[in-house]
Amino acid sequence: MPEMSVKEQLHHFPDDLGKALRYKIDKIDCDCILLCGMGGSAISGSIVADFFIKTSGIPLITVKNFGVPKWANNRTLAIISSYSGNTMETLGMYSTARERGCKIIAITSGGILQERCEKDGYKVIPLPKNMQPRHSVGYMIGYTMSIMKACGLKLHVDICKVVKSLKEYRDYLESEDGSKLIERFVASLSDTVPAVVTSDSMQSVAFRWKTQINENTKFVAFCGSFSEYDCSIICNWAEKFDRNMTLVTIGRFDGERFGSVHDKHINVDTGSEDLIESSLRTVMFGDYLSMRMAENRHVNPEEVEPIVCLKNLLKKIS
Amino acid sequence: MKPSYAADISSVYSSAGAVLSLPELIAEGLKTQFKVSDSSSLYIFATGPTSVAAQFIADASNKYPYRVISVVDSRVPGWIGEKDDVLIISYSGNTPKITEIYDELRQSRCRIRCMTSGGILADMCRQNGTETIYLPEDLDPRTAVGLEIGITASLLKSFGYSHIYDMLDSFIAPLKSYRDSLLADPSRVNEVAKELSGNIPAVYSVVDSVAAAKRWKLSIDEDVRSPAFYGEIPEFDHNELVGWADENAHAKSLRIVVLMLRSEYEQYKKVMDCMLAVLE
């Protein structure tokens, strides 16, 4: 893949998703699915788990650790996602899944993970190279959903229609009107710590917002779901403390539930009734917003120096 | 079933009072007897302070070949069915959406047990003959967490998985000594309290003991009436680190608290040391 700017990668999110959804995988027979990954590569598993949690007849468990649970066995499918293929924790999950005899499929652009899978005879779904890991999320969501389909899981919506609608939404976000809307939110979030809260069904999307604000904007941010962040507690925070925190609720119904609790509360409604479409639109909105927030702060969204430093330090002591 | 608590649960408290009686309440919970049965997996539904108990048990179970999943969610996973055991914990029995969760779980035909002090949940259990473990009334929901941990460990023991029960049983005396030592010399506690006073803490712990970080967050939320957040390592050392490493001039009142707890995975010690070096 030719090297693209982060903005171009962002633009291609719905196209990447559409391509990956067409990926064909042979039928998989399993009793449980582990969605293993870290950081940007974990998001796709969490989002897909949110899509299928109510309808799946097979347990879908997200794992972010150095290993998979001890109860995993040869009836368990472990989907190991790592853009670089070199994430230390993800390689740990691969090794323990292999030790426990799990069925394994890796989604990666290369690295040690690809080498090990090829050596051990496990399937690798290749990701394009030269991408920012977190912007490969369109491919990762699409491939993970293709694996779900191979496991017999069904969606309640026509995903092709969703992809078409996402392309239209992308065009809107990149239009003058869309840019103005994003600009308004950028102004509301300027010099504040966002606490992104949503319904349980979109908690993975709130997590995506947090990580994109962390990495693109270089801002600390927090996220949670209504089951964890009780409304009364959040209202109490907002009333009692004026510490440059902004409550951001995302999703249509969530806004209704919250109403306007405080002048430091904003609600983002991306205008869809369907969970899958609404979730993916909200992912896109958060991605564009965090990029625009980075521009506003004059920081480079591509640079993740602290993570590079951490990886170098870990290499030194290993 | 109804455990044979003393009429007044306060008889088991240490002299330090209810809030500091976690070891005594865990020990009390461990006394609960369940009929021995088979089980392949346990899903624990709990939100708010109660979810600390569910998270603690799920974290501790990861080391063993029995599936315990903590569900902090109003959604009932579609795969839960007649082969599964479910424990719904709601101290008040009036947790939002508890009626919908209970009804949906009944339809899935799983084996339901509930742990509560009353409310709508207790009423529904009585109407439907659902096995119920009654918690003493008039406790602070956070104080009840010790009991909930002990009772859930006893339930797992009845399924043939006694590891967590045995671990907790062996920890009661050391936990009491630790609590007493903190009361005798509160200098470290005071030092941390001073550092956090008037600030917003973000408490992190390794993923297999994240219940501790969550407990800190909830206690600060409710006791101090201050915002607090919690998170886990790894994750902190991926995307989050970039946010924290920035100057964050607008957020000077944030404080990171890292709970240096031991993990099943030795690699975490290295990750935490390097992560703290990057932040410094």
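Below are my numbered points, moving from chain A to the interface and then to parts of chain B.

1. A word on conventions. This is a predicted model, in which local features need pLDDT of at least 70 and side-chain atom pairs count only at pLDDT 80 or more, while totals for chains, interfaces and linings use all residues. Residues are numbered from 1 along each chain as its sequence is written, and chains are lettered from A and ligands numbered from 1 in the order in which they are written.

2. Chain A overall. You will find 13 helices and nine strands in chain A; helices (H or I, at least four residues) and strands (E, at least two) are DSSP runs, numbered from the N terminus. Its radius of gyration is 19 Å, close to the 20 Å that the globule rule gives for 318 residues, so chain A is as compact as a globular protein of that length. Here the radius is taken over C-alpha atoms, and the rule is 2.2 Å times the number of residues to the power 0.38. Along the principal axes, the C-alpha atoms of chain A fill a box of roughly 55 × 45 × 40 Å.

3. Burial and contacts in chain A. Of the 318 residues in chain A, 53% are buried. Buried means 20 or more other C-beta atoms within 10 Å of the residue's own, exposed 12 or fewer, and partly exposed in between, with C-beta atoms placed from the backbone. Among contacts between residues at least 6 apart in sequence, 74% join residues at least 24 apart; a contact needs C-beta atoms, placed from the backbone, within 7 Å.

4. The interface. Chain B gives 47 residues to the contact and chain A gives 52 residues. On the side of chain B that touches chain A, the elements giving two or more residues are α9 (236-245) and α10 (267-279) of chain B.

5. A sheet in chain B. Three strands form an open sheet in the order β7-β6-β8 (chain B), with parallel pairing; strands pair if DSSP finds at least two bridges between them. Its edge strands, each pairing on one side only, are β7 (229-233) and β8 (254-258) of chain B. Strand β6 (residues 200-206) of chain B is joined to β8(B) by five bridges, and Pro201(B) stands opposite Arg255(B) in β8(B). Packed on the sheet is α9(B), which touches β6, β7 and β8 of chain B and makes about 135° with the direction of β7(B). For such angles, axes are lines fitted to C-alpha atoms, for helices over the stretch in contact, and values run from 0 to 180 degrees between N-to-C directions.

6. Helix α4(B). Which residues of helix α4 (residues 119-128) of chain B are buried? They are Leu121(B), Ala122(B), Met124(B) and Cys125(B). Seen down the axis of α4(B), these fall within an arc of 165°, so they line one face of the helix; the arc is that of the directions from the helix axis to the C-beta atoms. The face turned away carries the exposed residues Arg126(B) and Gln127(B).

7. Backbone spots to check. Ile233(B) and Pro234(B) are joined by a cis peptide bond, with omega about 0°, and Pro234(B) lies in the loop between β7 and α9 of chain B. Although not a glycine, His298(A) has a positive phi of about 60°; His298(A) counts as exposed, with 6 C-beta neighbours inside 10 Å. Lys97(B), also not a glycine, has a positive phi of about 70° and sits in the loop between β3 and α3 of chain B.

Notes:
Contact = placed C-beta atoms within 7 Å.
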